[in-house]
Amino acid sequence: MRTSELLRSSVFSALVVAATFGATFGAVGQAMAFDDKVFDDKTGVKPQSSPWAVFQFGFSAYKNGHKEQAAEAYKYAAENGQIGATWKLARMYAEGDGVARDDYEAFKFFSEIVDQDVEPGSPEESYVSDALVALGDYLRTGIPGSPVTENEVAAQEYYMRAAANYRNPNAQFEMGQMFLKGEGGVKASVKQAGRWFQLAAEKGHAGAQATLGHLLFQSGKIVRGLAMMTAALERASPADQPWIRGMQEEAFATAGEADRRTAISLADDILTKGNNADQ
């Protein structure tokens, strides 16, 4: 599950960047207008440059494949208060994207982000929400060769902040998993797990929808459970498809033919009409 968590987080990261910059200045070409004002190929970021302009230049450089320049620009912008630049640096280090992968360095940048006083509903909440989930992921397993050791209780606290304060579907899914297994200092509760899975599933989280469907199937709601697992498999990312497929196929193998047919029809409705068909 660790790999799928990181991939889901990467997908979420790409959406954050696209939404932030698409709304702010439309096209990458606009950011390039700042090149000669904020960055010199020989000396790097020019002194006293606007942090926001440097951030825009960093994004433009990154999109055009100049990731070393982007990293330098992001570092300057981050040091001067641009939370989005701090987040982008964290992602680059977490994924080894344009820099050598360094999970501990990523952890430190993510920690800087969550220490910011960002209120839910602010334009920067997506950065904090994603950073909380990333920190939860790191603390759940620890980072070898660093001071960050496995701490499921701390991981649960980060997930809870992201799930409750920012309604992050990845965090809601992880909270569901923790309640399902009794991890992170919480008492095992299928009911509580189901509530978190439902919240994440309503936001289109395939893993949550599949797990919730499996719980329904086990509780005797055969058709609805099969339908939700089938719909989730269609929506899932390539990384999540194997474990969802295994869950779905095992359930189908024990169901009757009539239930299978009805479930397939209901799954089509779910995929066509959205979450309302789940109810």
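This briefing describes the overall make-up of one protein chain and then several of its helices. The structure is a predicted model. Its secondary structure consists of 15 helices and two strands. Of the 279 residues in the chain, 50% count as buried. Among contacts in the chain with a separation of 6 or more, 54% are between residues 24 or more positions apart.

**Helix H10**

- Helix H10 covers residues 169-181, and its 13 residues should span 18 Å at 1.5 Å a residue. The end C-alpha atoms of H10 are 18 Å apart, which agrees with that expectation.
- Because 10 of its 13 residues are buried, H10 is largely enclosed by the rest of the structure.
- The buried residues of H10 include Phe-173, Met-175, Met-178 and Phe-179. Asn-170, Gln-172, Glu-174 and Gln-177 are also among them.

**Glu-202 in helix H11**

- Glu-202 lies in helix H11, which covers residues 190-202.
- Glu-202 and Pro-169 are 33 residues apart along the chain, and their C-alpha atoms are separated by 8.7 Å.

**Helix H12 and the residue after it**

- Among the buried residues of H12 are Ala-206, Ala-208, Leu-212, Leu-215, Leu-216 and Phe-217.
- These buried residues of H12 pack against H10, H11, H13, H14 (241-254) and H15.
- Just after H12, Gly-220 takes a positive phi of about 105°.

**Helices H13 and H15**

- The axes of helix H13 (residues 222-235) and helix H15 (residues 257-273) come within 8 Å and cross at roughly 50°. This angle makes H13 oblique to H15.
- The crossing of H13 with H15 is right-handed.
- By class, the contact of H13 with H15 has 11 nonpolar, two polar and four charged residues.
- On the H13 side, the residues that meet H15 include Ile-222, Val-223, Leu-226, Met-228 and Arg-235. On the H15 side, they include Asp-259, Thr-262, Leu-266, Ile-270 and Leu-271.

Technical notes
Residues are numbered from 1 along each chain as its sequence is written. This is a predicted model: local features need pLDDT of at least 70, side-chain atom pairs count only at pLDDT 80 or more; totals for chains, interfaces and linings use all residues. Side-chain values use heavy atoms; hydrogens and water are left out. Axes are lines fitted to C-alpha atoms, for helices over the stretch in contact, and angles run from 0 to 180 degrees between N-to-C directions. Helices (H or I, at least four residues) and strands (E, at least two) are DSSP runs, numbered from the N terminus. Angles under 35 degrees count as roughly parallel, over 145 as roughly antiparallel, 65 to 115 as roughly perpendicular and the rest as oblique. A crossing is left-handed if the near helix is turned anticlockwise from the far one by less than a right angle, and right-handed if clockwise. Contact means heavy atoms within 4.5 Å. Ala, Val, Leu, Ile, Met, Phe, Trp, Tyr, Cys and Pro count as nonpolar, Asp, Glu, Lys and Arg as charged, and the others, Gly among them, as polar. The expected span of a helix is 1.5 Å times one less than its number of residues. Buried means under 20% relative accessible area, exposed over 50%, partly exposed in between (1.4 Å probe, protein chains only).
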